[in-house]
Amino acid sequence: MATVSFANDISVLFSKADIACMAKKHVMLADYNYMSVPANAQDVLDHLDGTTAPLMPPQPAQPWTPAQIALFKAWMAGGYQP
């Protein structure tokens, strides 16, 4: 798999509504510096894959697909490339 980057592959997965909603909760989905902190990325992943409630994104949005979850995990495993 090619290198997964935040700018090209991950940030585009979050809708404007997701970004705005989570910013109110001090989760900065569009901010590489925030998301590249392993604990922050893991927390987001846990909500995306349903490990931790509530599931993200909230309804009526569709949950992320297994392919999107895998891409996010690949970005994390690849060292949080910008």
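Predicted model: local features only at pLDDT ≥ 70, side-chain atom pairs only at ≥ 80, totals over all residues.
Residues are numbered from 1 along each chain as its sequence is written, and side-chain values use heavy atoms, with hydrogens and water left out.

Okay, the layout. The protein chain has five helices and zero strands; helices (H or I, at least four residues) and strands (E, at least two) are DSSP runs, numbered from the N terminus. The radius of gyration is 12 Å, close to the 12 Å that the globule rule gives for 82 residues, so the chain is as compact as a globular protein of that length. That radius is taken over C-alpha atoms, and the rule is 2.2 Å times the number of residues to the power 0.38. The C-alpha trace spans about 30 × 25 × 20 Å along its principal axes.

How much of the chain is buried? Buried residues make up 34% of the 82, where buried means under 20% relative accessible area (1.4 Å probe, protein chains only).

Now let's zoom in on helix 4, which covers residues 38-48. Its buried residues include Asn40, Ala41, Val44 and Leu45. What do the buried residues of helix 4 pack against? They pack against helix 3 (32-35) and helix 5 (66-77). Just after helix 4, glycine 50 takes a positive phi of about 85°.

That's my tour, thanks!

Notes
Buried < 20%, exposed > 50% of the residue type's maximum accessible area, 1.4 Å probe, protein only. Contact = heavy atoms within 4.5 Å.
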